[in-house]
Amino acid sequence: MKKILVVAAHPDDELLGVGGTIAKHTLYGDEVRVIVMCEGESLRYQDNVGQQIAMKSAADILGVTEIRNLNFPDQKLDTYTLTELIKPLEEVSSEFNPNIVYCQNGGDANRDHKILFEAANIAFRPLNNWLNEFYTFYTLSSTEWAYPRTFIPDTWNDISVVLNKKMEAFLKYKSEIREYPHPRSMQAVETSARFWGNQCCLEAAEVFMTVRRIIR
């Protein structure tokens, strides 16, 4: 059994970027925990739209052991010092001792994603003997809108057997689902998985960039 930690900026980023991979890890007996940095509602919505409930419901479908929201304000990570963001991530690392970490890509269009990656890259630096793999993931409606486009995948994870779980979990994020052809529509999420999979003759896949991979 491996210990997997997913670090996302906002509720639904974890699902869009790594939902299938989470479901696959739990299917094969790995323990998965998820950290979401921001509450994800204050900037875009006037009222509570149920992000916390949706986040927990999606996590239950994917088999996540624990999902924890650190409740930093949405789109305001740049108002904190980097050390204030690093500290809670280091605490989680020391508590959980993850073997694999998945995080937002540092080149995304969303500023919170960029800052979170900067903090995570320090929090999960190779100072311990438990963390062996560190990857960034592709988040629909952020990674593809970045410029310059710096996300170049080097790892394809076959999620064919769990794509239905990813789609089922995404349905819980009712406030985030858009009409097709928006990239966060149900059809586009599935199409994206099939697009990445077809590049390697797979039915569906999620893609990652390797930050560090340590073979001990």
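Predicted model: local features only at pLDDT ≥ 70, side-chain atom pairs only at ≥ 80, totals over all residues.

Biologist: What would count as a disulfide here, in terms of sulfur atoms?
Modeller: A pair of cysteine sulfur atoms within 2.5 Å. By that rule the count is zero disulfides. Cysteine 200 is in none, as its nearest cysteine sulfur, that of cysteine 201, is 7.4 Å away.

Biologist: Is cysteine 201 buried or exposed?
Modeller: Exposed, at 78% relative accessibility. Cysteine 200 is partly exposed, with a relative accessible area of 35%.

Biologist: New topic. How many helices and strands does the protein have?
Modeller: Six helices and seven strands. From the N terminus, the order is β-α-β-α-β-α-β-α-β-β-α-α-β. The radius of gyration is 16 Å, close to the 17 Å the globule rule gives for 216 residues, so the protein is as compact as a globular protein of that length.

Biologist: And what does the C-alpha trace span?
Modeller: About 45 × 40 × 35 Å along its principal axes.

Biologist: What share of the residues is buried?
Modeller: Buried residues make up 54% of the 216. Take the contacts with a separation of 6 or more: 79% of them are between residues 24 or more positions apart.

Biologist: What about the surface?
Modeller: The accessible surface is about 10,000 Å², and 52% of that belongs to carbon and sulfur atoms.

Biologist: Last one. How far apart are the mean positions of the positive and negative charges?
Modeller: They are 3 Å apart, for 23 positive and 29 negative charges.

Technical notes:
Residues numbered from 1 in each chain as written. Heavy atoms only, no water. Helix = DSSP H or I, 4+ residues; strand = E, 2+ residues; numbered from the N terminus. Rg over C-alpha atoms; globule rule 2.2 N^0.38 Å. Buried < 20%, exposed > 50% of the residue type's maximum accessible area, 1.4 Å probe, protein only. Contact = heavy atoms within 4.5 Å. Areas by Shrake-Rupley, 256 points an atom, 1.4 Å probe, with all protein chains shown as cover. Lys, Arg positive; Asp, Glu negative; His and termini not counted. Charge placed at Lys NZ, Arg CZ, Asp CG, Glu CD.
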